Amino acid sequence: KPNVEVLKVANDFYYKGFSNSCLSMYDKIICVGDSLTEGALSSGLGFSDCTYPQALSRLSGCECINEGNSGATATRWWEAFGQTGLNEHGLYIVWLGTNGGLTDTVATDCAGNDLTQFADTHTGNLGKILQTIVNHGDKFIILEIPSQASDSDTNKAVKDLATQYDMPNIPLTYILNDYYLH
């Protein structure tokens with residue numbers, strides 16, 4: 001029996017211009033994130049030689065650029081890489097919010113499309129990352145953090161940002177639960 005939330009995600013992708021073979025439409029996929037993107041393993045085991053960007057590259061046939069940075073909050077990522085890590089053209093997969101969290105303040109922190117008006121908060125800086133991607137004419141997919149509380153402030157901010165930019169978000173909690181429970 002398919003997971004209803006996974007079907008909702010697939011439907012969301014379709015209506016926002018992503019087809020079943022959307023990954024093959026792109027020469028590059030740029031993966032922005034923290035240690036989970038960079039390839040950290042749990043329990044202090046170090047870093048993996050097989051990161052999700054590497055696996056995605058093998059599955060899709062696309063070049064995947066790993067822009068993960070261990071320990072990065074949205075603010076730290078923006079400050080360190082905002083001017084250089086977002087200069088590729090392709091599909092961006094953004095997975096930030098595990099470190100530092102986000103607040104349910106998208107309406108005030110990310111108003112308009114002028115980066116100088118965005119708040120200097122984790123939520124505002126994630127908005128700067130997404131706005132920069134959009135300003136370059138690229139698309140993004142934003143990932144929710146795995147959480148038992150799928151309505152957490154962080155995941156609500158992710159959903160609100162996806163809605164604001166009319167881009168899909170993926171609720172990893174449902175997908176991971178479906179994968180591990182079946």
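Me: What does the accessible surface of the protein come to, and what share belongs to carbon and sulfur atoms?
Reply: The model is a predicted one. Its accessible surface comes to about 9400 Å². Carbon and sulfur atoms hold 52% of that surface.

Me: What share of the 182 residues counts as buried?
Reply: The cut-off for buried is under 20% relative accessible area. Of the 182 residues, the share that counts as buried is 46%.

Me: Which pattern does the protein follow along the sequence?
Reply: The secondary structure comes to eight helices and five strands. Read along the sequence, they give α-β-α-α-β-α-β-α-α-β-α-β-α.

Me: Among contacts between residues at least 6 apart in sequence, what share joins residues at least 24 apart?
Reply: Contact here means heavy atoms within 4.5 Å. Of the contacts between residues at least 6 apart, the share that joins residues at least 24 apart is 68%.

Me: How many of the residues of S3 are buried?
Reply: Leu91, Ile93 and Trp95 point one way from S3. Tyr92 and Val94 point the other way. In a regular strand the side chains alternate between the two faces of the sheet. S3 is largely enclosed by the rest of the structure, because its buried residues number five of five.

Me: In what sense do S1 and S3 pair, and over how many bridges?
Reply: Strand S1 covers residues 28–33, and S3 covers 91–95. Ile30 stands opposite Tyr92 in S3. The pairing of S1 and S3 is parallel, over five bridges.

Me: How many bridges join S3 to S4?
Reply: Leu91 stands opposite Lys139 in S4. Ile93 has Ile141 as its bridge partner there. S3 and S4 run parallel, and the bridges that join them number four.

Me: Which residue of S5 is the bridge partner of Leu143?
Reply: S4 is mostly covered, with four of its five residues buried. S4 pairs with strand S5, residues 169–170, in the parallel sense over two bridges. In S5, the bridge partner of Leu143 is Ile170.

Me: Which residues of helix H3 are buried, and why do they line one face?
Reply: An α-helix has 3.6 residues a turn, so residues three or four places apart point the same way. The buried residues of H3 (52–60) are Pro53, Leu56 and Ser60. They line one face of the helix because, seen down the axis of H3, they fall within an arc of 60 degrees. On the other side of H3, the exposed residues are Arg58 and Leu59, so the face asked for is that of Pro53, Leu56 and Ser60.

Me: What is the phi of Gly61 near, and is it positive or negative?
Reply: Gly61 follows H3. Its phi is positive, near 80 degrees.

Me: How many aromatic pairs does a search of the whole structure find, and how are the rings of Tyr52 and Trp95 arranged?
Reply: The search finds three aromatic pairs. The rings of Tyr52 and Trp95 have centres 5.8 Å apart and planes at 70 degrees, so this pair is edge-to-face.

Me: How far apart in sequence are the parts that Tyr52 and Trp95 tie together?
Reply: Tyr52 is partly exposed, at 25% relative accessibility. Trp95 is buried, at 11%. Tyr52 lies in H3 and Trp95 in S3, so the pair ties together parts whose separation in sequence is 43 residues.

Me: What is the angle between the planes of Phe140 and Tyr165?
Reply: Phe140 and Tyr165 form an edge-to-face pair, 5.8 Å centre to centre, with an angle between the planes of 75 degrees. Phe140 lies in S4 and Tyr165 in H7 (153–165), so the pair ties together parts 25 residues apart in sequence. Both residues are buried. The angle is 75 degrees.

Me: How far apart in space are Cys64 and Cys31, C-alpha to C-alpha?
Reply: Cys64 sits in strand S2 and is buried, with a relative accessible area of 17%. Leaving aside neighbours within four places in sequence, Cys64 is in contact with Ile29, Pro53, Leu56 and Ser57. Cys64 and Cys31 are 33 residues apart in sequence, and in space their distance is 7.0 Å.

Me: Is Gly82 buried or exposed?
Reply: Gly82 lies in the loop between H4 (74–81) and S3. Ile129 is 47 residues away in sequence and 6.6 Å away in space, C-alpha to C-alpha. At 5% relative accessibility, Gly82 counts as buried.

Key: Residues numbered from 1 in each chain as written. Heavy atoms only, no water. Buried < 20%, exposed > 50% of the residue type's maximum accessible area, 1.4 Å probe, protein only. Arc of directions from axis to C-beta. Phe/Tyr/Trp six-rings, centres within 6.5 Å; stacked < 30°, edge-to-face > 60°. Pairing = 2+ DSSP bridges. Areas by Shrake-Rupley, 256 points an atom, 1.4 Å probe, with all protein chains shown as cover.
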